[in-house]
Amino acid sequence: MSESKPYIRVAAGLIIDPRGRLLLGQRPEGKAWPGWWEFPGGKIEAGETVEQALVRELDEELGIHATCVYPWVVHVHEYPKTIVELAFCQVTAWEGNPHGRENQALDWVDPWEIRLDESEHPIGPGGGSLLPAAAPPLRWLRLPTRYRLSRIGHPDRLADWLADLRHELLRGLQLVQFREPDWQGDPASLREAFLAVLALCRQQGARCLVNSAHPPSWWSEADGVQLRAADAARILQNDTRPPGWLGVSAHTAEDIECARQLQADFVVLGHALDTDSHPGLPALGWDRFRALANAAGRPVFAIGGQSLDTLDAARRHGAHGIAAIRGQLVETSPAE
C-alpha cells in the first residue's frame, strides 16, 4: 500500500433488523463515489472508541440511537486516493426510525440477494453498485456464528455422537469440524467416522471442515480444513494454501499474523475462558481476546469455555461467533 495516501479510520455499521434485512445508504452528489451504496458510518474522531463513533455517526446520518453494537472485523481497504481502515460493527437494536438526515436514499435489502461474484464490487438486489470495501463483510456475514468441534474418541461412541449432531443440525447448526487427534480405534474406523460426519453434514446442508491433524488427502474431501497453529506456520513457509474453506487456530499475535498472510477465511482464537481441556493454562480473558481479534482482519470465533451463555459476551468483545467441543450451541425446547 502506498504511504503517500491519506489513512482514514472509519466506523461502519451493518444494521440488521429482526427480519435479517440489512440497511444500505446511497452516497449523495457532492461526495466521492456519488450514487454508490454503502454501510452507514463515518470517521472516528480523536478520543472516540469505535462504538462511540458509530453511535454518533448513526445519529447524525440516520436519526437513530444504536443500543446494541457488536464490534466485528477491522479491515483495511485501499482506494485510488485513500487508504481506509474500516472497523465494521453489527448493529442489532436501536431507538428511532432510520431516515436520511443528509438527503441520502436508504434501502433495506436481503444480504443473501447481494451478488458478490460477478464484478469487483457487490451488486445490490436492485442493480445498484456497492462500494468495493463492502464485499468482504458481506461474505463474512454469510459465515455461521456457531462452530461445533467433534470429540467422539472411540468407534463405540460414534452412533450417539451422530445422533446429537443431527439434533443440532436440525436446529440450525451449520458449521462442523471433524477433529479426532486422540482416536481410540484403528485407522479404518477413524476414516469411517470422518465419512459419516461428512455425509450427515452434507445431508443437512451444513459445512464440514477437517482438522489438519488428519491426512491431507481428506482435506479436499471436506469443505475445507482447520489448520492447527503449527501446521499453518509450516504451510505458510511452503506457500501452499489448501483449497476450500480455511480456518486457522490461533493463540498468539504471531498465529494471527500467520492467518492473515494465509488469507484464512476465519480464525479460531483461544482459549478465551478457563476450560477443563487446558487445566493450569491461563485463559486469554476478554480484553486480550479483543485485542488479538482486532488484528485478525477477518471473522474470529472464540473457543474455550464457550456456549450459548457466552455468545453475547464474545460478540461484545469482537468475536464473530463461538466454537465449542461440549458447550451448548443450539436452543432446545423445554421438553428436552
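Colleague: How many salt bridges does the count come to?

Modeller: The count comes to 17 salt bridges. This is a predicted model.

Colleague: Which residues are linked in a network of salt bridges?

Modeller: E48, R56, E57 and E60 form a network of that kind. Within it, the side chains of R56 and E57 meet at 3.1 Å, N to O, and those of R56 and E60 at 3.4 Å, N to O.

Colleague: How far apart are R56 and E60 in helix α1?

Modeller: Four residues, so about one helical turn separates them; α1 covers residues 50-62.

Colleague: And E57, buried or exposed?

Modeller: Buried, because its relative accessibility is 10%. R56 is partly exposed at 21%, and E60 is partly exposed at 38%.

Colleague: What about D312 and R316?

Modeller: Their side chains meet in a salt bridge at 2.8 Å, N to O. Both sit in helix α9 (residues 311-316), four residues apart, which means a separation of about one helical turn. D312 is partly exposed, with a relative accessible area of 36%, and R316 is partly exposed at 38%.

Colleague: Changing topic. At roughly what angle do the axes of α6 and α7 cross?

Modeller: Roughly 45 degrees, and the axes come within 10 Å. That angle makes α6 oblique to α7. The crossing is left-handed.

Colleague: Which residues meet there?

Modeller: A229, A232, A233 and L236 of α6 meet D255, C258 and Q261 of α7. By class, the contact has five nonpolar residues, one polar and one charged.

Colleague: Last one: where is H75?

Modeller: H75 is in strand β5, residues 65-78. H75 counts as buried because its relative accessibility is 15%. Leaving aside neighbours within four places in sequence, its contacts include F88, P136 and W140.

Note on methods. Residues are numbered from 1 along each chain as its sequence is written. This is a predicted model: local features need pLDDT of at least 70, side-chain atom pairs count only at pLDDT 80 or more; totals for chains, interfaces and linings use all residues. Side-chain values use heavy atoms; hydrogens and water are left out. Axes are lines fitted to C-alpha atoms, for helices over the stretch in contact, and angles run from 0 to 180 degrees between N-to-C directions. Helices (H or I, at least four residues) and strands (E, at least two) are DSSP runs, numbered from the N terminus. Angles under 35 degrees count as roughly parallel, over 145 as roughly antiparallel, 65 to 115 as roughly perpendicular and the rest as oblique. A crossing is left-handed if the near helix is turned anticlockwise from the far one by less than a right angle, and right-handed if clockwise. Contact means heavy atoms within 4.5 Å. Ala, Val, Leu, Ile, Met, Phe, Trp, Tyr, Cys and Pro count as nonpolar, Asp, Glu, Lys and Arg as charged, and the others, Gly among them, as polar. Buried means under 20% relative accessible area, exposed over 50%, partly exposed in between (1.4 Å probe, protein chains only). A salt bridge is a side-chain nitrogen of Lys or Arg within 4 Å of a carboxyl oxygen of Asp or Glu.
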